[in-house]
Amino acid sequence: MRIGFAVPVSGAWATPANQVEVARRAEDLGYHSLWTLQRLLNPADSPDRTYRNVSDPLVTLAYLAGLTERIRLGVAIVNLPFVAPPLLAKQAATLDHVSGGRLDLGLGTGWMPAEFAAAGTPMARRGARAEEFLAVLRTLWTDEVSEFHGEFYDFPPVVMEPKPVQKPGPPVLLGGGAEAALRRAGRLAAGWVSSSRADLGDLGRSIGIVREAAEKAGRDPGELRFVCRGAVRIRPDAASGPDRPPLTGTLDQVRDDFGRLAGQGVTELFVDLNFDASLTGPDADPAASMDRAREALEAFAPNP
């Protein structure tokens, strides 16, 4: 199982300087990938402070692309309904160029009503819209001349250049936990990425649905990637026992959990501290949060 690390993207510690430090140290330690997330906005009256101070994920990755050399750059996820397919196709192709072909593009359908309202996009039929969106990406990335006539997207013959460095395009990983979303990932994507809210004890079931859908579509399930967003919460005084949530506990306990996730079929895991309120909440000390990130980077570094 390959191990990645999420840069600081939420809360007061999510500064460019801290993102660069984490990115460079992760590359030096041999991590496979760096990750960001998308959150356009939040309802003004929401008590949930999980997504504070979140910068654009693709701009952040472009910045880090110029300051790293080898580590892959992933976003989990960009929500398709909030952007036009040609715009995302162009952004992703350009990012693939500036990174030298290191982009992993996680995509989803969104869930927050306020974001849909602000983007002027209906929440209805998100799945059907996503399937057309993926078809548009494919033709823009691969065909010399692209033309599309669908229910949601319709355009005459056009040419998009430059094409991505990776062929046929950056690997697309689909998110979503509903069965329809899992089957869509198996039929159409390079793999599946779990959310921060996923039941980490039940990932094997979700992975099985994706694999089954791939096989029914005539694809090789063995070629798919299964990426776990590891919402890690380090608790030095955590007790052991069956009631301890996965990826919450001491450094050793969390590291031991990695093997159990691999046993469910996870092929990649990235450590994500952005969902730990003690690091990202309004009362968190950014300097202390970075100390915890440095500790985690060293403790979870892949074996040479």
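A crossing of two helices is right-handed if the near helix is turned clockwise from the far one by less than a right angle, and left-handed if anticlockwise. The structure is a predicted model: local features need pLDDT of at least 70, side-chain atom pairs count only at pLDDT 80 or more, and totals for chains, interfaces and linings use all residues. Residues are numbered from 1 along each chain as its sequence is written, and side-chain values use heavy atoms, with hydrogens and water left out.

**View A. Helix H3 crosses helix H5.**
H3 spans residues 85–98, and H5 spans residues 126–142. Helices (H or I, at least four residues) and strands (E, at least two) are DSSP runs, numbered from the N terminus. The H3 and H5 axes lie 9 Å apart, at an angle of about 50°. Axes are lines fitted to C-alpha atoms, for helices over the stretch in contact, with angles from 0 to 180 degrees between N-to-C directions. H3 and H5 are therefore oblique to each other (under 35 degrees is roughly parallel, over 145 roughly antiparallel, 65 to 115 roughly perpendicular, the rest oblique). The crossing of H3 with H5 is right-handed. On the H3 side, look for Pro85, Pro86, Leu88, Ala89, Ala92 and Ala93. They meet Phe133, Val136, Leu137, Leu140 and Trp141 of H5. This contact of H3 with H5 holds 11 nonpolar residues, no polar and no charged ones. Here Ala, Val, Leu, Ile, Met, Phe, Trp, Tyr, Cys and Pro count as nonpolar, Asp, Glu, Lys and Arg as charged, and the others, Gly among them, as polar.

**View B. The largest nonpolar core has 80 residues.**
A nonpolar core joins buried Ala, Val, Leu, Ile, Met, Phe, Trp, Tyr and Cys residues through side-chain atoms within 4.5 Å. Tyr31, Leu107, Trp141, Leu273 and Phe300 touch the most other members of the largest core. Helix H5 gives this core its largest share, 8 residues.

**View C. Leu107 and the residues it touches.**
Contact means heavy atoms within 4.5 Å. Residues up to four places away in sequence are not counted for Leu107. Its contacts include Ile77, Val78, Leu80 and Leu88. Leu134 and Leu137 touch Leu107 too. So do Val172, Leu173, Leu174 and Gly175.

**View D. Helix H1 beside helix H10.**
H1 covers residues 16–28, and H10 covers residues 286–299. Their axes come within 10 Å and cross at roughly 10°. H1 and H10 are therefore roughly parallel to each other. From H1, the contact takes Asn18, Glu21, Val22, Arg25 and Ala26. From H10 come Met290, Arg294, Leu297 and Glu298. The contact of H1 with H10 divides into 4 nonpolar, 1 polar and 4 charged residues.

**View E. Gln19 in helix H1.**
Gln19 is buried, with a relative accessible area of 4% (buried is under 20%, exposed over 50%, partly exposed in between; 1.4 Å probe, protein chains only). Leaving out residues up to four places away in sequence, Gln19 touches Val7, Pro8, Val9, Ala14, Ser55, Thr60 and Leu64. Leu297 is 278 residues from Gln19 in sequence. In space, the two are 13 Å apart, C-alpha to C-alpha.

**View F. Helix H6 and its cover.**
H6 runs over residues 179–188. Ala181, Leu182, Arg184, Ala185 and Gly186 of H6 are buried. The cover over them includes H5, strand S7 (172–174), strand S8 (191–193) and helix H7 (203–216).

**View G. Helix H6 crosses helix H7.**
The H6 and H7 axes come within 7 Å and cross at roughly 50°. H6 and H7 are therefore oblique to each other. H6 passes H7 in a right-handed crossing. H6 brings Glu179, Leu182, Arg183, Ala185, Gly186 and Arg187 to the contact. H7 brings Ser206, Ile209, Val210, Glu212, Ala213 and Ala214. By class, the contact of H6 with H7 has 6 nonpolar, 2 polar and 4 charged residues.

**View H. Phe155 in strand S6.**
S6 spans residues 154–158 and holds Phe155. Phe155 is buried, with a relative accessible area of 14%. Beyond four places in sequence, Phe155 touches Val136, Leu140, Ser146, Glu147, Phe148 and His149. Ser278 is 123 residues away from Phe155 in sequence and 48 Å away in space, C-alpha to C-alpha.

**View I. Pro43 in a loop.**
The loop of Pro43 lies between strand S2 (33–36) and helix H2 (57–65). Pro43 is partly exposed, with a relative accessible area of 31%. Setting aside neighbours within four places in sequence, Pro43 is in contact with Met112 and Ala114. Pro43 and Phe270 are 227 residues apart in sequence and 28 Å apart in space, C-alpha to C-alpha.
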